[in-house]
Amino acid sequence: MRKRLGTIALTTVVVLGALIMFFPFLWTIVTSISPGAGLSSTPPLIPENPSFSAYTELFANTPFARVVLNSLVLAVVTTLLQLLTSSMAAYVFSRMPFPGRDAVFAVYLATMMIPIQVLIVPLFVQMRDLQLVDTYLGVLLPSVASAFGVFLLRQAMNSVPRELDEAATLDGAGHFRIFGTVVLPLVGPTIATLTVFAFMSSWNSFLWPLIILRSAELQTLPLALAGLQGQYTTQWDVMMAGSVVSILPMLAIYVFAQRYVIQGVASSGIK
């Protein structure tokens, strides 16, 4: 009986927590379909006259479709590059011993503790010297490698039995073949986890694109959303419509990869 009461209490707390966390998303959606809604008064959770005019105005009066495409291209390319560089570096740190390997990995891992704000000035100077200011390449280069991605995949690769490498070596396989046909397929859930994290990081990136980009046609989604807020007045229904549009791709990716994310985090030993 006591165990059952404990289960009921835990379930109740979890459900209440989920509802509390879901409420801001619900409020965003309701505001986006409530014409003329503002922050001075909370719109009813069931709008009396719901309308999608804010979405029509968003795409008709602003180049929002181009902005979404810009963010999508940057996020996909960034994710692919991080998967490539992180998986190869993780394989080296996990499977190829060399002098000072652990020390190099520790130093590389320590870069995770350096906030991006500290690196903004030197990064911008580098991009300026390379004449990459106001270019997509200038946005991409600082995010090609990910210390977190290397750490995540190295932890997963360490759990792959070394006997599989030895068996593949006896069959004449080299490192590239072992990497591509033995190790990578066994860390699929962790790769899916890194895919979600990398895509989300690029999709929501604001500070670096704000510094490096100048042209309106190159704007990313977070910059465009910030631009929807006026100095004196703001159409909150239009702004919330933009927020809903920005949430949908991330929601779709997470729903699709949720099972793999849970498996990947569990297998990588992250608490």
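**How the helices pack**

Reply: Happy to! In this predicted model, the buried residues of α7 pack against α3, α4 (101–110), α9 (175–186) and α10.

Me: Which residues of α7 count as buried, and what makes them so?

Reply: They are A147, G149, V150, L152, L153, R154, A156 and M157. Buried means under 20% relative accessible area, so each of these falls under that cut-off.

Me: How do you know that the span of α7 agrees with its number of residues?

Reply: Helix α7 (residues 147–158) has twelve residues, and at 1.5 Å a residue they should span 16 Å. Its end C-alpha atoms are 16 Å apart, so the two agree.

Me: Why is α3 called oblique to α10?

Reply: The axes of α3 (residues 64–95) and α10 (residues 188–203) come within 8 Å and cross at roughly 140 degrees. Roughly antiparallel needs an angle over 145 and roughly perpendicular runs from 65 to 115, so α3 is oblique to α10. The crossing of this pair is right-handed.

Me: What makes α8 roughly antiparallel to α9?

Reply: The axes of helix α8 (residues 162–170) and α9 cross at roughly 155 degrees, coming within 10 Å. The cut-off is over 145, so α8 counts as roughly antiparallel to α9. Here too, α8 passes α9 in a right-handed crossing.

Me: Which residues make the contact between α8 and α9?

Reply: L164, D165, A168 and T169 of α8 meet I178, V182, V183 and L186 of α9. These residues divide into six nonpolar, one polar and one charged.

Notes:
Residues numbered from 1 in each chain as written. Predicted model: local features only at pLDDT ≥ 70, side-chain atom pairs only at ≥ 80, totals over all residues. Heavy atoms only, no water. Axes fitted to C-alpha atoms, helices over the stretch in contact; angles between N-to-C directions. Helix = DSSP H or I, 4+ residues; strand = E, 2+ residues; numbered from the N terminus. Parallel < 35°, antiparallel > 145°, perpendicular 65-115°, else oblique. Left-handed = near helix turned anticlockwise from the far one by under 90°. Expected span 1.5 Å × (residues − 1). Buried < 20%, exposed > 50% of the residue type's maximum accessible area, 1.4 Å probe, protein only. Contact = heavy atoms within 4.5 Å. Nonpolar A, V, L, I, M, F, W, Y, C, P; charged D, E, K, R; others polar.
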